[in-house]
Amino acid sequence: MGKKELKVAFFLAWRSLVRGNRSSLFLNVLIISMVFTNMIFFPALMNGIGVDITKRVVDYQISNILIEPKKGNDYITDLGATLGLINGLPGIERATPHYTLGATLKFRGRVLGSTISAIQPREEKYVSPLSTKMIAGSYLGDTDEGEVILGTGVAGSPNVLEADEYSPSLGGVRVGNAITIEYVNGFKKEYRVKGIFSTGVFELDNQIFTTWGDMEGVTGAKDRASYITVKVKPGYSDQAVKTQLLQYGVMEKVQTSLDVLDKSLGQNLASFSIIGFISLIVSLVIAVVVLFIVIMIKTLNNRRQIGILKAIGVDRTVIMNSYGFQVIIISIAGILMGFVFTGLLVLYMTYYPMVTPQFSATPYVTFTDLAVNGLILFIASVIAGYLPAWKVARENIQDVMRG
Amino acid sequence: MIRTQGLRKIYRMGNVEVKALDGVDIQIGKGEFVGIMGPSGSGKSTLLHMLGLLDTPTSGKIFIDGTEVEKLTDYEKTMFRLYKLGYVFQDYALVPELTVMENVALPAMLRADRTEQQYKAATVDILSRIGLCDRRTHLQGELSGGQQQRVAVARAIVNKPDILFADEPCANLDTENSRMVLNLFKEINREMQQTIVMVSHEEWHREYFDRVIRLRDGKIVNGEK
């Protein structure tokens, strides 16, 4: 097919669109744009939930690299030397230890089982944004003794009945209140609530933190930790830093955030991906079927005209391409409109995310997602549009002219 | 110019065979204005469609300018129609989304031997001849039946075809518009030595034809001057 034939095919397509039924054209474009938006939006939302959960876990719980005691040990021993080694390596922003101990909390008749985490408050600032999430009181200082900070989930609210609570709490603890903590080792101590934080992460908002020094007083043990979280400097890969840690003789169990997430959240994230993929396929099938029907109806309505065009010497490839061009134009317009709809939805949900106790979802869309889905929809649309045109254009002139 | 040998077209309607053409032998010379007449169902349109390569005969041969057209491939037939034949249909068969100018120019746009300037000049020339140049930007819906058929005639002759086929072009027109179209055919026939083969069932159209081929039950009854 030559340039001239393509030019005529495009000419016929363009005239048919701009001088044909405008509302029908608009509806066709709208359908494609909605299909495109659906193709992008739902998987992007699933993706966004995955990204949000991952970010929260990395930010507040395990950082980029998690170092746990090697098999058979309950604690990382020789902590000072281990931290010194890790913090001296290139690519490490900061390594900070955590010590956890089970305890029972008591406040005005409420009793709550929990885990107390000891942190080095100043060091913790390098690996976790916890210090920026205080909603009442203040963050811990390194030398604080007998003080704790706790999440909103533990603090609870005096306005919610115990029976109505989503998870058990202390029923409305405020900054300055005293709570009693009985550790599993039998140590009992009264603490003043120094601050209350809210991270939006369910697990974290149900935690209590005290200082490293205080915990040493409780356990009597020094130079050991339950686990170490390591923040990696920008530009360094977690995997490369993990390899480096092992090469430099860190004998504990070293895992990147991806290793940990694969084990703990891998199934969930994979489920999100599957749901997103199913949604993509359904959207694509809808697009193909709709376009096939639209072009089929159009070609059936225009059967006689197709016959006339063939009769006056217009080759069938020109006729097929003219319908093909119509589908191409409708698809491109629909995809562009879908870009706009998707952009507006993402923008809206960036400011007003879908918030649940487990996640805060904002659609996560990359340019690659847009380009790949746009291309898939485009190819599917063109095939769906060409098929009926090809079928009618191949028919005998007399058959199609009879309509 | 046109010669047929033993042309037959048989349609099957269930178990019944209908002989639309039953051994038609005709010859039409260059520059002739020939009418094909006969009662309904006599095979007039079928014969025209066979001659115009719009349908294939069950058996028999058709020669146009010495070419046995039935041996052409589908694509070759399309090109043959584009380069050598022109058509006027009963219901005008214009493309509603195209203007008068675009409808007329359409067959010329596809010809490899026409530049854009050439086909535009030819279109304006032909529209001037039929008196519709001032309507060239109008769409089909803005024209009367007579005007639409004149546009269809202009489209048929814009490529200066060897043969112009017309299938009852006046069937949807009143007498005045019919005369206008027939006068146009006669004028083209005389001035351009245009071969025209036209199907008609109106006896008064005979005055325009050089010759009438009369059919009945798929057979030629007579070919008269």
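These questions and answers concern helix packing and a chain contact in a predicted model. In this model local features need pLDDT of at least 70 and side-chain atom pairs count only at pLDDT 80 or more, while totals for chains, interfaces and linings use all residues. Residues are numbered from 1 along each chain as its sequence is written, and chains are lettered from A in the order in which they are written.

Me: Is helix α1 of chain A roughly parallel, oblique or roughly antiparallel to α11(A)?
Reply: The axes, lines fitted to C-alpha atoms over the stretch in contact, with angles from 0 to 180 degrees between N-to-C directions, come within 8 Å and cross at roughly 50 degrees for α1 (residues 3–19) and α11 (residues 316–351) of chain A. Angles under 35 degrees count as roughly parallel, over 145 as roughly antiparallel, 65 to 115 as roughly perpendicular and the rest as oblique. Therefore α1(A) stands to α11(A) as oblique.

Me: How does α11(A) lie against α12(A), roughly parallel or roughly antiparallel?
Reply: The axes of α11(A) and α12 (residues 367–394) of chain A come within 8 Å, crossing at roughly 150 degrees. That angle makes α11(A), relative to α12(A), roughly antiparallel.

Me: Which element gives the largest share of the side of chain B that touches chain A?
Reply: The contact, in which C-beta atoms placed from the backbone lie within 7 Å, takes 17 residues from chain A and 18 residues from chain B. The largest share, 4 residues, comes from α2(B).

Technical notes. Two residues are in contact if their C-beta atoms, placed from the backbone, lie within 7 Å. Helices (H or I, at least four residues) and strands (E, at least two) are DSSP runs, numbered from the N terminus.
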